[in-house]
Structure formats: C-alpha cells, structure tokens
Protein chains: 2
Amino acid sequence: MDIQNLIDNISTNCSRIQKRTFVKGSIITTYMEKRRQICILTSGKADLIRYNLNGSQDIIDKFSKNDIFGETFYPVNSNNELVVKATDNCEVLIFLYDDISIKCKQNCKYHTELSANLLEIVIQNTMHQNTRIEVLSKRTIRDKLLTYFSILSNKNYNKKITIPFSLTSLADYLSVDRSAMMREIKSLIDEGFIIKESKNVIRLMY
Amino acid sequence: MDIQNLIDNISTNCSRIQKRTFVKGSIITTYMEKRRQICILTSGKADLIRYNLNGSQDIIDKFSKNDIFGETFYPVNSNNELVVKATDNCEVLIFLYDDISIKCKQNCKYHTELSANLLEIVIQNTMHQNTRIEVLSKRTIRDKLLTYFSILSNKNYNKKITIPFSLTSLADYLSVDRSAMMREIKSLIDEGFIIKESKNVIRLMY
DNA sequence: ATAAAATTGTTGCAAATGCAACAGAAAAAA
DNA sequence: TTTTTTCTGTTGCATTTGCAACAATTTTAT
C-alpha cells in the first residue's frame, strides 16, 4: 500500500485516529504546546495563521491535499497563537504523536499502517520544504521563477511544464508581489526564455 | 537517551551505520537517485552544492552540527548533480534508509536506538525548515530580520537575543545581500526598534 | 608576534520590487 | 442564464535591494 492509498483509505473507526470534516471558514486546530498533534489534510484547503500579540495576523503557510501539519512540526510558544483555518471544506485525519507509536485498542490495521508509514510521510513533507526553501532563497523574482520552473521540468523530464495552481497562488508560493511576478514573466517571454503555451502551461527554452 | 546524546554516542562498530570523518574541502557524498542515503553531521560544517548542466554551481543549503541530509530528503534526478562538500573537518554518520528499519547483524543497541529516534530527528529538522520558510517568506529585509529576531526571542522568552552565528551567515540564512542587511540593521537601531548590546547580542524594543 | 583570512561597517548607484489602482477575462455561484 | 467572485494582465511611482568597492576591525593561522 503506498502512502497515497494509505491516506485515502484510513479507517475512521480507530479510537486513536479521528477523521473529521470542517466547513469552509471553521477552525481546524489551534497549536498547543506539548500536545504534539498531527493532522493530515485528505481534502480541501487550509491556512496556517499566526495571531501576534500586537493584533496582526499573518498567513504563514497554506495546506492542500496530503499536507501534514500540527504543532508537532512547528515551534510553538505562548507568545502567539497559531491557528489552522479551513479556506474550503476540509477532511482531516487527526491524531497525537504519542498515540501513533502505541497500539490502539482494536489493534486495527490502519493504525499499524499509519504508524509504519508516518516517517515516510514526514520525509515526503521534508522534500517539499527543501524545494520551497531552494526557490525562496533565490534573491530575484526571475531566479525564483526559473528555479521553480527548472524543478518542475526536471521532475518530469520535460521542457513543457504545467503550473499546478493559479498564478496568484504561484506568487504566494514564491512569496513575491503578484504584479511584479507578472511583469517578470512577461520579460522572460519577451527575452525568449520561456513560451507560454496556455494559461498554466509553459515551455522552457533554456 | 535524548536525541543529542544518541547522536553523540552512536557506535562505530555497527555494520549498517558508518561513522566517517572528512577533511575540509573533501566531498562527503553525492546524491544518487533511489539509494536513499541518510547522513547526520555530528561535527563540522558542510555545503550542499548543485552543479547545473550549464556549468553553474549554487550553494543551496548549509549544514552544521546535528543537521540531517542525503538524497532521502531531496528531490534528485539526473539533470543535475547534488554534492555535499565539507567546508570544515567533519564527522558524519552515514547509513541507508532501508537499513535502518531492519536489524543489523550484531543487533546493536545504537542501531535500535537510531531506528526508534529517526522520526524524531526528522521532525526536529522539519521544525527548523518551517522556521526558515516563515522567515524567507517575508518580503522585505526588515520583516525578515524582525521575524527572525522574534522567533529567537519567543523561544527563550527573552527580549535579549544572541544571534547564533556571524552576521555574514545571518545574511545567508535570510538569503539577502549582506550590505543591504547591515543597512537595514542600522535603520532598525536608528528608529529604536532594536539596541545592539554587543556584536551578536541584540535587545528587542518591540 | 606577525601575517593572513574572515568579518563588519559603509556608501553610491542602477536595477528590481512592492504597492496601489484599474480593466478585462475567466470561473464559480446563484 | 445572469450575477458575483476570482484571476489575469498592465502601468506609474516610490521604496527597497543587490551589486561593487573599499576601509577598518576582529579572528584565525603560521
């Protein structure tokens, strides 16, 4: 059973692992020190929001299908509140880190499977993070774009790439101003580095 | 045994887990598809370098004590070469992901311990990555600095923080031009946001 | 102790970026 | 279908940033 299948088929009748649904706009979880909760988003979208003491609130992460989150993976302290809010209707697996290493009462096979595959899931997440860090650490929008495009291209051994989300989301992922990014994409087209074949399909010429 | 102790005391006589030393300038490892090697740096410093097909080489990550790396955590493909180079004399634990889940011939206790704690080590790494991503995703140098400072401050519940490395390294961590960062630090001091108590010690006034 | 290397601090300037604002196109909801 | 919302595309302008270059200081190596 691969990870995708595991996540898709996880049982809801395990006493340790909940499968819950959340409507758009509701709070999925609040990060709490020492609890070590783990959540896996099986459908929908959600934002990780930081409420600072001074009242400001920042979206510091965005989650989509198969993303893993929870205070287990984030430095948490009492100086600010971290909250995950559903930006779409969501389905989420929720369990505690400490519960996953011990057998559940029913000794159910999903619990065992999840336990055996949690490391693999976390490693997959690490890979995504490493990719994002590599892109974010480029200094110019141009380099961020070219790096991101190259990674997509290399992954599929194809110069024709499909951006897996909207350009607005791409700007968020690259953490740059959208209009500045659009300007830069236009320059890349004008200078012959890329060809835009359709809205989300780009051909790399380098 | 906590993770730090585990890493410090790991046995060298386990057939599956090597403890190797590398002199400054030497290649610790080259990332290879499908091998799934895992390395833990127990002392020294190293750079992850990407050699692109066009001949350019980028430092895409920097490792120090207790950092974990290897192709297990990085998307690897044949279009470019990823190499870890010692920038100081290094001591490194090296093993394969697949070897860690099976018992070693000697059934040694370190192998067992490492196996049991690998998830915890990877999660710790995830936390560091999340922190870095939060900082890198700020758009201005000022916000990157203030976010980084706040995280340090919150962690220790103290407005007086000590930057754990040189300002040159801080600029690398934030992925910004060093001189521009110095200029921004000066502005933060002039505007009363921070006070520099000594070279690496800063007091936050916000 | 002395030399070499690394780090800090500073500045001018050109280039890149964010911000604000808006119109049109496309997609989603009613 | 029609309306509403989201997304794309564009531009002017002020601000921020990177780059280059250099001197002074501190740290490390010889």
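Which element gives the largest share of the lining of the largest cavity? It is H4(A), with 3 residues.

This is a predicted model, where local features need pLDDT of at least 70, side-chain atom pairs count only at pLDDT 80 or more, and totals for chains, interfaces and linings use all residues. Residues are numbered from 1 along each chain as its sequence is written, chains are lettered from A and ligands numbered from 1 in the order in which they are written, and side-chain values use heavy atoms, without hydrogens and water.

**The cavity**

The largest cavity holds about 110 Å³ of space. A cavity is a set of points, on a 1 Å grid over the protein atoms alone, where a 1.4 Å probe fits but cannot get out, and lining residues have an atom within 4 Å of a point. Both chains take part in the lining, which includes Glu134(A), Lys155(A), Arg50(B) and Tyr74(B).

**The DNA side**

Turning to DNA strand D, 21 residues are around it, and among those that come nearest are Thr168(A) and Asp177(B); near means that a heavy atom lies within 4 Å.

| Protein atom | Distance to a phosphate oxygen of DNA strand D |
|---|---|
| Lys186(A), polar side-chain atom | 3.4 Å |
| Lys196(A), polar side-chain atom | 2.8 Å |
| Ile141(B), backbone N or O atom | 2.5 Å |

H6(A) gives the most to this surface, with 5 residues.

Conventions:
Polar contact = N/O pair within 3.5 Å; in protein donor to acceptor, adjacent residues only side chain to side chain. Helix = DSSP H or I, 4+ residues; strand = E, 2+ residues; numbered from the N terminus. 1 Å grid on protein atoms, 1.4 Å probe; cavity = no way out; pocket = protein on both sides within 12 Å on 5 of 7 lines; lining within 4 Å. Points joined across faces, edges and corners; volume = space filled by probe spheres on them.
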